[in-house]
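Please examine the sequence and the structure shown below.

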Protein chains: 2
Amino acid sequence: MITEQGCLARREALWQRIPAEFDTALITARPHLMYLAGFEASATVFNSQESAASLILTREGDAVLVADNAQEPFSRAAFVTERVEPLWYRCVEAAPHRGQLLGQTTAEWLRSRSKSGLAIEFSHTPWLMLAGMTSGPSPLRLHDLDADLRALRKSKHPDEQAQIRECLRVAGEAVAAARRDVRPGMTGLDLYRLVLRVASEVAGRPVHVYGDFVSGPGAEAGGGPASNRSVQSGDLVLLDYSVVINGYRGDFCTTFVCGGTPTSRQREMHAACMAALESARTLLQPGRTGRDVYAACRAPLESAGLGNHFPHHAGHGIGLGHPEPPYLVPESDERLEVGDVVTLEPGLYIPGVGGMRFEHNYIVTQEGPEQISHHSLSLDN
Amino acid sequence: MITEQGCLARREALWQRIPAEFDTALITARPHLMYLAGFEASATVFNSQESAASLILTREGDAVLVADNAQEPFSRAAFVTERVEPLWYRCVEAAPHRGQLLGQTTAEWLRSRSKSGLAIEFSHTPWLMLAGMTSGPSPLRLHDLDADLRALRKSKHPDEQAQIRECLRVAGEAVAAARRDVRPGMTGLDLYRLVLRVASEVAGRPVHVYGDFVSGPGAEAGGGPASNRSVQSGDLVLLDYSVVINGYRGDFCTTFVCGGTPTSRQREMHAACMAALESARTLLQPGRTGRDVYAACRAPLESAGLGNHFPHHAGHGIGLGHPEPPYLVPESDERLEVGDVVTLEPGLYIPGVGGMRFEHNYIVTQEGPEQISHHSLSLDN
């Protein structure tokens, strides 16, 4: 779903942030190979195990993908101007060290391309790719891309928004199936598998799913990984998960009663959460701060006398990472901008009464928030 | 299943390879954090997204794990002498760049620890972790651990062998379920989901599964990812997959007919593959080369006049990577040693007749090969 047009626009935006004296950029972190070139080696095939790749960009518009021969199906699909495919393995000779091969091949190309200065991801670029280039009589100057990429990733391009919508569509069908099929006696792992099965069916390909799959005491504790704990009749079931496709994900939570009806106290909690969600939603406007949104989310919970049971963020940005900017927390001055994709997720956890969290995802537009997740937030099932 | 004793033994073996003038080692690649400290942040929880960690080892025996506060459940389980947990996110302030925080924290610790010289993974260690340490009047000298770790990983320690056996037990129950439940009309994705479901049930936790899930023309082509192609009655179904637990995996293939009986030509192919497997198995002895094993695997296929239909390796090493040394290919002089865990996987692919591959895994011992996978290799289902 990530498009060539999107990749070109993001490369252009990246060059606008890099000081003019730097002529070459090196990208190595996996999410950024998708972000800038639509490249990802699927994690569910043999040839991707311990694989990596690198992307060399020039200010003139070259985009050179370095990925060994075993990643060919994925590099062919990437949006680049040139491909370098060092021979790693062809079932004839013993394969060399895969990371060494990538690092050495990349370093050779960099030496032939970079004349003035090189932009790299300081927190990720492997030492080997810069071997011999940063010392000696005329060392190459380096620019750190970490902050640039983090800033660029915040506001999503149209192809990224479309990809996140697709992740949410898949996740939504899976939670509808979970609501339909959940029964007392099912474990958290059963629910995880059910979601994973439906999500891969709907997506038509293997997908990665992570998150909280809990019930009863697990919901009171606010979440946790899938386990062998069985759902009891009358339990609150809390499902908060993401489906990852092409590196992107939505984020997605609902809570409901399995095999029973909510207590009146649970209904009060639910009503307060719905009010918090709506209050925060109206603040999803360009220019508003994370602090503003958090306060708007918290206010209805305080009014209901439940503020002390809301221990976490009001939400955060989503996309290639999770959580990522903007952070909707009490002390954040980050400002919302058009294109930000955020989740809101008020929750309340009261010992002896129950734990619940409700979440929708939104795109910040000039006209206000557009809700892009559509699952049920009903406490009744 | 990875034990403290195993980690200590592997750290000791690593120090024996590092020249005496280097007093500190830095480990950053994810498989090596498991290998040397039993650390891995689960991919199925929220806090692991875009996470990383580093391990600082000293020749005196210190093992310092640097992993941010959001990875606490996993760092608590690691076998280290000290933990450094920089504060990344606590739902109050906007979180900083996660990789930058790790890199800067690690660099600070390295500066306080490394006096004489630092061993790093040249192909992996991020530039930021060495910032300011390798230039200037008294630059720190560096030793490359890539080759050391590759060599060490080849022969597996007892805890690693136990982990791989567990992966194979889980994979074996999943393939038994696939044989039992496969029906004409099921797609490759159905089979992938079936395997994933049973594997996570048997393992009692989410697991990662990758490999080939194909039938009919896909089997003739030698494999491929799970797709929406439906199994036809009489098709050969080829399942070749790995289940990954704690970073380790077995490797595992079988082929069978769905909804019919094999043709006589298919039975000939099967018999030749069985002979190839047995012939190669007897060569799994310490001191034998990859070339020897490949030749032994190929000979029975040649004798049956089918050598031209065997296009790939006879097998390879498995463990934290896939494939990894030793490579059982025509031009490899790598030698088998006690503790190597290898797979043998003869296969034949004949247009218009069918494609099949059969695989078992073995530990090389002083007394010969021990077969550690136990799934059925019958062509009849």
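The model is predicted. In chain A, the domain assignment gives domain 1 (4-152) and domain 2 (158-371). The centres of these two domains of chain A, taken over C-alpha atoms, are separated by 35 Å.

**The interface between the domains**

The size of an interface is often given as the accessible area lost when the parts come together. Between domain 1 and domain 2 of chain A, the buried area is about 730 Å², and carbon and sulfur atoms give 54% of this area. On the side of domain 1 of chain A, Arg10(A), Met34(A) and Arg150(A) lose the most area to domain 2 of chain A, together 48% of what that side buries. In terms of contacts, nine residues of domain 1 of chain A touch nine residues of domain 2 of chain A.

Two salt bridges are counted between domain 1 and domain 2 of chain A. Across this interface of chain A, one residue pair is found in polar contact. Helix H1 (4-17) and helix H2 (30-37) of chain A are the elements that give two or more residues to the side of domain 1 that touches domain 2. The residues on that side of domain 1 of chain A comprise four nonpolar, two polar and three charged.

**Salt bridges**

Side chains of opposite charge can pair when their charged atoms come close. Over all chains, the whole structure contains 60 salt bridges.

| Salt bridge | N to O distance |
|---|---|
| Arg10(A) and Asp159(A) | 2.8 Å |
| Glu160(A) and Arg10(A) | 3.7 Å |
| Glu337(A) and Lys154(A) | 3.2 Å |
| Arg229(A) and Asp235(A) | 2.6 Å |

Glu337(A) counts as partly exposed because its relative accessibility is 35%, whereas Lys154(A), at 9% relative accessibility, counts as buried.

Arg229(A) is partly exposed, at 30% relative accessibility, while Asp235(A) is buried, at 11% relative accessibility.

Finally, a network of salt bridges links Glu50(A), Arg153(B), Lys156(B) and Glu324(B).

Technical notes: Residues are numbered from 1 along each chain as its sequence is written. Chains are lettered from A and ligands numbered from 1 in the order in which they are written. This is a predicted model: local features need pLDDT of at least 70, side-chain atom pairs count only at pLDDT 80 or more; totals for chains, interfaces and linings use all residues. Side-chain values use heavy atoms; hydrogens and water are left out. Domain bounds come from an automatic or database domain assignment. Contact means heavy atoms within 4.5 Å. Buried area is the accessible area (1.4 Å probe) that two parts lose on being put together, summed over both. A salt bridge is a side-chain nitrogen of Lys or Arg within 4 Å of a carboxyl oxygen of Asp or Glu. A polar contact is a pair of N or O atoms within 3.5 Å; within protein, one must be able to donate a hydrogen and the other to accept it, and residues adjacent in sequence count only if both atoms are side-chain atoms. Helices (H or I, at least four residues) and strands (E, at least two) are DSSP runs, numbered from the N terminus. Ala, Val, Leu, Ile, Met, Phe, Trp, Tyr, Cys and Pro count as nonpolar, Asp, Glu, Lys and Arg as charged, and the others, Gly among them, as polar. Buried means under 20% relative accessible area, exposed over 50%, partly exposed in between (1.4 Å probe, protein chains only).
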